[in-house]
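Hi everyone, thanks for making time this morning. I'd like to walk you through one model and talk about charge pairs and helix packing. Let me put it on the screen.

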Amino acid sequence: MKISSHVSSLVGMAASIVQNRGALATYPEFLDLVGFPSLMEEDDVKEMHKALSALHLPCGAKEVLAIISRIECNGFGIWGGADKNKLMGRIVYPRASYFNHSCSPNCSIIQDGTVLKVLTQRDVAIGEELTINYINVNQPRSTRRSQLSREYHFECMCVRCVQEDAKEAKELKFKLSYNKKVYNHKAHKTKRGKQKQPPPHVSEALDETVEGDSSSNNNNDNDNDDGQQNDNVE
């Protein structure tokens, strides 16, 4: 089995943390961070076990996988290359990891090498939570939520997402209401414009009545003719 560069990088970082945890002042804070080892991809876990078997670390694979999961959920990418769009590695800032995500964040992350700065992007009200964005927020709501669920294991209910939910629900309600009005209007128009036919038994009775009236009229006409003829004879 070939080990991917992604898995190899995570295992190497986790191994470094394990080997140097006694000297890491922030290690206790790191252990307090959230992780979801049970939700890791099965193929990735298999690769990690293979890579760990050759390292002979002073801890079990379960502990290392928990560390890797914390790195994946809380690590910040170190970007390089000409356009700063190449992932060179990851770094974990335990305290910065406590910033929650928002699709309309009031803070931004600035990285200068291994130094991370959190700067506000607008005026922040007293008591307002400071937030950052974990992903690219210039995407549709469904795409953002799908990525956050897949990579960070939560459904985003930030202010922006909730407002977009409400707007979509309002537009859907208006659309359904409009369609209902159009349907009722057409149904009413058809009902008024269409001439109803009488039931069969009524129709037959009407026909008989019409025939009876016609016969009566003919008899009256004959009577009148006879009367006229009699008058003439007299």
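Let's start with Arg-141, which counts as buried, since its relative accessibility is 15% and the cut-off for buried is under 20%. Please keep in mind that this is a predicted model.

So which side chain does Arg-141 meet in a salt bridge? The partner is Glu-164, at 3.8 Å from N to O. Glu-164 itself is partly exposed, at 24% relative accessibility.

Glu-164 also forms a salt bridge with Arg-144, here with 3.1 Å from N to O. Arg-144 is in helix 5 and Glu-164 in helix 6, so this pair ties together parts that are 20 residues apart in sequence. And is Arg-144 buried or exposed? Buried, with a relative accessibility of 0%.

How many salt bridges does the structure hold? Eleven. Another one of them pairs Arg-95 with Glu-29, with 3.5 Å between the closest N and O atoms. Arg-95 is in the loop between strand 2 (86-91) and strand 3 (100-101), while Glu-29 is in helix 2 (residues 27-31), so this bridge ties together parts 66 residues apart in sequence. Arg-95 is exposed, at 65% relative accessible area, and Glu-29 is partly exposed, at 23%.

Now, on to helix packing. Two packed helices are described by the angle between their axes and the distance between those axes. For helix 1 (residues 5-20) and helix 3 (residues 42-53), the angle is about 50° and the axes are 10 Å apart. That angle makes helix 1 oblique to helix 3, and the crossing is right-handed.

Which residues make the contact? On the helix 1 side they are Val-7, Leu-10 and Val-11; on the helix 3 side, Asp-44, Glu-47, Met-48, Ala-51 and Leu-52. Sorted by class, this contact of helix 1 with helix 3 has six nonpolar residues, two charged ones and no polar ones.

That's my tour, and I'm happy to go back to any of these spots on the screen.

Notes:
Residues are numbered from 1 along each chain as its sequence is written. This is a predicted model: local features need pLDDT of at least 70, side-chain atom pairs count only at pLDDT 80 or more; totals for chains, interfaces and linings use all residues. Side-chain values use heavy atoms; hydrogens and water are left out. Axes are lines fitted to C-alpha atoms, for helices over the stretch in contact, and angles run from 0 to 180 degrees between N-to-C directions. Helices (H or I, at least four residues) and strands (E, at least two) are DSSP runs, numbered from the N terminus. Angles under 35 degrees count as roughly parallel, over 145 as roughly antiparallel, 65 to 115 as roughly perpendicular and the rest as oblique. A crossing is left-handed if the near helix is turned anticlockwise from the far one by less than a right angle, and right-handed if clockwise. Contact means heavy atoms within 4.5 Å. Ala, Val, Leu, Ile, Met, Phe, Trp, Tyr, Cys and Pro count as nonpolar, Asp, Glu, Lys and Arg as charged, and the others, Gly among them, as polar. A salt bridge is a side-chain nitrogen of Lys or Arg within 4 Å of a carboxyl oxygen of Asp or Glu. Buried means under 20% relative accessible area, exposed over 50%, partly exposed in between (1.4 Å probe, protein chains only).
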